[in-house]
Every structure is written in C-alpha cells, then in structure tokens.
Amino acid sequence: MRQQGQASSSKLSADMARYAPTVITADTTALSPGDRKALVSLVRAAAVMDRLFLRQTWSGNEETMRKLAADQTPEGRERYRYFVINMGPWSRLDANASFVPGTPAMRPHGANYYPEDMTREEFNAWLAALPEADRERATGYFTTVRRTADKALRIVPYNREYADLLPEAAGHLRDAATATENPSLRTYLTLRADAFLSDNYYKSDIAWMDLDSPLDITIGPYEVYMDELFNYKAAFEAFITLRNQDESQKLAFFANHLQEIENILPIQPAYRNPRLGAAAPIRVVDLVATGGEPRAGVQTAAFNLPNDERVVTERGSKRVMLKNVQEAKFNTILKPIAALVLDPSQQKDVAFEPFFTHILAHELMHGLGPHAITVNGKKSTVRHQMKELGSATEEAKADVAGLFALHSLIDRGLLDSAMTRPLAVTFLASMFRSVRFGITEAHGRGMALQFNYMLENGAIAHDSTSDTYCVDFKRFAQVASKLTGEIMTIQAEGDYARAKKLLDTYGVLTPVLQRTLDRLKAIPVDIAPEYPLARTTS
Ligand code: ZN
C-alpha cells in the first residue's frame with residue numbers, strides 16, 4: 001500500500017498512463033431543434049451531478065479540488081487531472097489509496113453519507129432505538145446521517161442536505177422538458193425535477209422505464225457502492241445519451257428469433273422452454289456526457305437500473321448499453337491485446353461490429369436456457385442449485401450461447417456468413433481482456449472456463465514459440481455448441497457437483513494463460529474520456 005503524500009511525479013505519470021485519453025462523441029445530426037435545445041440544459045444538469053457527487057464522496061473534496069486547480073506547476077496540473085479522473089484524491093485502481101498530500105490515506109468507508117467518526121456499531125445501536133418509520137428513512141437511499149450539536153445522530157433528507165444544488169438541477173431538467181418535443185422525455189424530466197425537490201423518486205423511475213425518445217437520459221441518485229459501511233445511500237449520476245437507431249433495429253431482429261433459437265438449443269428437448277417470457281428491455285445508446293459517479297475511475301459500458309425493489313418488482317429493470325464507449329474501449333484496449341496475442345494471419349479479422357453484436361447476444365442469452373427447474377421432484381431454480389458457482393456458469397453460458405445463437409442465424413442465412421471469422425477471432429482476443437484482472441470475479445472465471453475448454457477441444461490453438469493463438473474455424477462453432485450444451489444441461493439438472501468439476505477443471509489460470517496475460521501489463525486498463533459535444537452544447 002502506498003503512503004499518502006509520497007506519490008512522486010513519475011509514479012503519478014505511470015499511474016495515469018493506465019487511463020488512455022479518448023474522445024467520446026456521437027452523431028447529433030438527427031436531433032430535432034427542440035431536442036438540441038434540451039441537450040444544452042441536460043449537459044448543465046449533468047454538471048450539477050458532478051458537484052453533488054464530489055461532495056458525497058468526502059466532506060473535504062470540493063475544497064481539495066479548488067486547491068489542486070490553482071496549482072499551475074506541471075506536477076500540480078498532472079495531479080489535478082488525476083483527481084478529476086478519480087473524482088477525488090484516492091486512486092480507484094489502487095484500493096482507494098490517496099495520491100494527494102494532506103488528504104486522508106483512504107477514503108472514509110461511509111464516504112460523506114455519515115459522520116466520519118461514526119462506527120457501524122454506533123449506527124446500529126441508534127437505529128435499533130428509532131421508531132419503525134424513522135428506521136426506514138435512516139437506511140433509505142435518499143438521506144444522509146449527521147450529528148446534532150450534542151453529538152447525537154440524526155437523519156437529513158437529500159433535499160435538505162443538498163438544498164443549494166438540487167433546485168438548480170431541477171431547473172435545468174424543467175428547461176429541457178419545455179424544449180423537447182418528445183412527450184415521454186418531457187414526462188420523465190418533469191417528474192425527475194419534482195423528485196429532486198421531494199426525494200420521492202418512484203414515479204420518475206416508472207417514467208424512466210417508459211422513456212421512448214431519441215434523447216435517452218438517466219439522471220439522479222442511484223448506485224450504493226460508495227457507501228462501504230452499509231450500501232444504503234445513493235450517489236448522484238447522469239448519463240446523457242442518444243438512442244442508437246441501427247442497434248435498436250438489430251435488437252428487434254434478435255427478439256423476433258429468440259424462441260426459434262431456444263427451440264434448437266443443444267440440450268434435451270425437455271430442457272428447452274416452449275414459451276419464453278417477454279425479454280427484459282435493452283436500449284443501445286451513444287454517450288454524449290456523464291455527470292457524477294460515472295465520471296470516476298473505470299468507465300461504465302452498460303448498466304441495469306433502477307435499483308429500487310418496488311419498481312423492479314412492478315416493472316422490471318432496463319439495461320442500457322453505451323455503444324460508443326464500448327467502441328472506444330475496443331480500440332484502446334482490445335486491439336492492442338489482439339496485436340500481442342493473435343496469430344498474424346488472423347489479426348485482420350478483429351472487428352468492432354461482431355464484438356458488439358456478440359455483447360448484445362450475450363445479454364439476450366441470459367433469458368434463454370433453463371431457469372426454473374425440477375430437482376428430485378421438487379421445484380427449484382438454477383440460481384438456488386448452483387449457489388456460489390451460479391454467476392460464473394451463467395456468464396459463461398451467455399457467452400457461448402451467444403456464439404451458438406449467432407452461428408445458428410448465420411447457418412439459416414439470417415446473418416451474413418462473412419461474420420463467421422471476425423466473430424470467432426474477435427471473441428478469442430476478448431477472452432484475454434476478460435481474464436486480465438483475475439478469475440475471482442464471475443465474468444473472468446467464466447471466460448477462463450471457456451478459454452481452457454476451447455483450447456483442449458481444439459477450437460483454438462496455441463503456438464508456444466511465439467506465444468500467440470489462432471482460431472480453428474472448422475471446430476470453433478461445434479465446440480461452442482458443445483460447451484453450451486454442457487453448461488445448460490448442468491443448469492437444467494441443477495447439478496452442483498458437475499458444475500464444480502467443470503469450473504475446477506477449466507475455470508483456472510493455467511501457466512500457459514498466465515504467461516500470455518503477463519505480456520499485457522503495458523496495455524491501458526481503461527479510457528479517460530473527453531466529451532467534445534458536452535463542451536460545445538453547454
Ligand atoms: Zn452477462
């Protein structure tokens with residue numbers, strides 16, 4: 001662990017090089033005059049989310065940022081840039097260790113949602129003595145906890161805690177609502193503006209689920225990750241985006257073929273679902289600007305919202321995929337990885353379109369295959385039977401079933417067969433990106449499983465002299481189908497022991513894989529985005 005204040009300039013430069021500066025832009029030509037005007041107000045509202053989030057992170061954050069901004073030495077300017085990348089003085093890629101002299105060594109676990117000297121025990125004792133209604137508010141998304149003059153704890157609602165900023169944000173949303181011609185956007189923005197003042201977000205969350213507009217907006221307090229004490233309190237964020245028309249059509253095309261794919265899954269017919277339910281809504285958008293939490297550290301490429309269980313129970317949740325962010329990461333991270341790990345003869349097949357199409361297929365495939373199952377005559381679920389192995393096997397399933405689905409659409413002439421090679425080769429390169437940060441996380445472990453399985457079954461081959469890999473196109477589709485069948489059969493039978501054997505055998509970092517991963521250390525970890533559209537519109 002690094003000590004505070006000892007980050008040298010060269011260390012700072014090396015740390016910062018992990019984020020590759022990248023321009024994120026989108027095509028705004030199709031926007032109506034009203035939406036153009038609305039966009040200006042929405043970018044302003046996103047900037048208010050920045051100020052809210054800075055304050056939510058740490059009580060000293062805004063003051064520290066002002067001080068750093070005033071330091072015009074080269075080192076000072078670099079430190080300020082790194083502060084902006086992290087939205088605070090703690091490096092998110094280094095377990096939140098401080099890189100700014102004179103700031104706490106670590107971010108407070110309760111961020112600025114609770115008094116910094118408050119312990120979990122003090123909170124819990126206070127909570128237990130509160131009346132029922134207050135207990136709900138104390139643990140709610142939209143309140144902070146402060147101390148009274150005599151040091152007791154008290155609840156402060158967001159609309160009072162942030163009374164200097166939320167009315168300003170609400171004003172920008174109302175201006176945007178007046179400008180847009182789109183009724184569903186107008187409804188959402190108006191209700192959201194009300195929510196900023198009332199702390200009652202329910203109606204506007206429902207309106208967000210119904211949003212159907214060229215300007216696709218997500219703004220408000222949402223994620224609770226930064227509350228490391230309890231995961232109760234929501235951080236402010238904004239995604240100002242444009243709906244991507246081409247990808248929306250691609251999604252509609254896939255949706256029309258999901259049942260046909262289910263009907264030919266490589267498992268016993270009894271394990272297939274004869275009547276798929278409605279798929280969870282997915283939106284593909286291009287990002288114009290972010291505000292608040294998404295600005296900090298590793299950039300979001302997709303999200304599921306809302307988190308409020310009431311809304312999720314009634315209306316489900318919506319997945320939003322940021323296509324231009326995925327493309328920026330593809331160019332900055334995946335292409336350099338491909339250049340290092342792929343056989344030269346297959347380099348030319350690495351392409352963004354099959355990469356993104358497979359991501360869409362992955363998301364849709366979560367809805368296919370076994371979910372509700374019968375084990376020993378009793379009704380159960382895959383999730384329940386697979387326990388801690390559930391996430392890794394489900395993520396691997398979505399990947400290989402995505403390959404299976406795209407191959408089956410190609411075989412039936414519904415997708416261009418020219419996609420076959422780029423799909424496989426790009427997938428091979430992307431495997432290294434997923435396992436790069438270890439296999440303790442579900443996506444990484446699920447990908448290690450696929451990698452080792454495909455290597456053993458001859459779908460991919462390794463040249464140990466050059467330490468490069470290539471796809472065997474004659475076997476790739478067949479092996480993807482075989483592994484799809486293997487995982488889905490395990491899920492259908494709720495066979496925990498067989499899942500464990502599969503993961504213990506294949507979901508591992510082998511010496512061969514580790515040797516390749518060690519060569520990827522110099523490739524950036526993520527992008528540091530710049531949003532020229534946000535500058536020109538504000
Ligand atoms: Zn997934």
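# Close-up views of a predicted model

**View 1. A salt bridge joins Asp-194 and Arg-174.** The side chains of these two residues meet with N and O 3.1 Å apart. The model shown here and in every view is predicted. Asp-194 belongs to helix H9 (residues 183-198) and Arg-174 to helix H8 (residues 166-179), so the pair ties together parts that are 20 residues apart in sequence. Asp-194 is partly exposed, at 34% relative accessible area. Arg-174 is also partly exposed, at 32%. Across the whole structure, a search finds 34 salt bridges.

**View 2. Glu-486 pairs with Arg-498.** Side chains of opposite charge can pair when their charged atoms come close. In the salt bridge between Glu-486 and Arg-498, the closest N and O atoms are 3.2 Å apart. This pair links distant parts of the chain, twelve residues apart. Glu-486 sits in helix H19 (residues 473-493), and Arg-498 sits in helix H20 (residues 496-506). Glu-486 is partly exposed, with a relative accessible area of 22%. For Arg-498, also partly exposed, the value is 30%.

View 3. Lys-11 is partly exposed, at 30% relative accessible area. Asp-15 is buried, at 6%. The view also takes in a network of salt bridges, which links Lys-11, Asp-15, Arg-18 and Asp-94.

**View 4. Three residues coordinate the zinc ion: His-362, His-366 and Glu-395.** Along the chain, the donors follow the spacing H-x3-H-x28-E. His-366 lies in the loop between helix H14 (352-365) and strand S11 (372-375), while Glu-395 lies in helix H16 (residues 390-411), so this pair ties together parts that are 29 residues apart in sequence. Glu-395 counts as buried, because its relative accessibility is 12%, under the 20% cut-off.

**View 5. Phe-239 and Phe-303 are a stacked pair.** The structure holds 27 aromatic pairs. In this one, the ring centres are 4.4 Å apart and the planes meet at 25°, so the pair is stacked. Phe-239 lies in strand S7 (residues 236-243) and Phe-303 in strand S9 (residues 302-305). The pair links distant parts of the chain, 64 residues apart. Phe-239 is buried, at 3% relative accessibility. Phe-303 is buried too, at 6%.

**View 6. Phe-451 and Tyr-469 meet edge-to-face.** Their ring centres are 5.5 Å apart and their planes stand at 70°, so the pair is edge-to-face. Phe-451 is in helix H18 (residues 442-456) and Tyr-469 is in strand S14 (residues 468-471), so the contact ties together parts that are 18 residues apart in sequence. Phe-451 is buried, at 2% relative accessibility. Tyr-469 is buried, at 0%.

**View 7. Ring pairs build a cluster of aromatic residues.** The residues linked are Tyr-141, Phe-142, Tyr-158, Tyr-162, Phe-196, Tyr-201 and Phe-236.

**View 8. Lysines sit over aromatic rings.** The charged end of Lys-318 sits over the ring of Trp-208, 4.0 Å from its centre. Lys-387 lies over the face of Tyr-496, and here the distance to the ring centre is 4.8 Å.

Note on methods. Residues are numbered from 1 along each chain as its sequence is written. This is a predicted model: local features need pLDDT of at least 70, side-chain atom pairs count only at pLDDT 80 or more; totals for chains, interfaces and linings use all residues. Side-chain values use heavy atoms; hydrogens and water are left out. Donors are N, O and S atoms within 2.8 Å of the metal (3.2 Å for Na, K and Ca); water is not among the atoms, so sites may look incomplete. Helices (H or I, at least four residues) and strands (E, at least two) are DSSP runs, numbered from the N terminus. Buried means under 20% relative accessible area, exposed over 50%, partly exposed in between (1.4 Å probe, protein chains only). A salt bridge is a side-chain nitrogen of Lys or Arg within 4 Å of a carboxyl oxygen of Asp or Glu. Rings of Phe, Tyr and Trp (its six-membered ring) pair if their centres lie within 6.5 Å; planes under 30 degrees apart count as stacked, over 60 as edge-to-face and the rest as tilted. A charge sits over a ring if NZ of Lys or CZ of Arg is within 6 Å of the ring centre and within 35 degrees of the ring normal.
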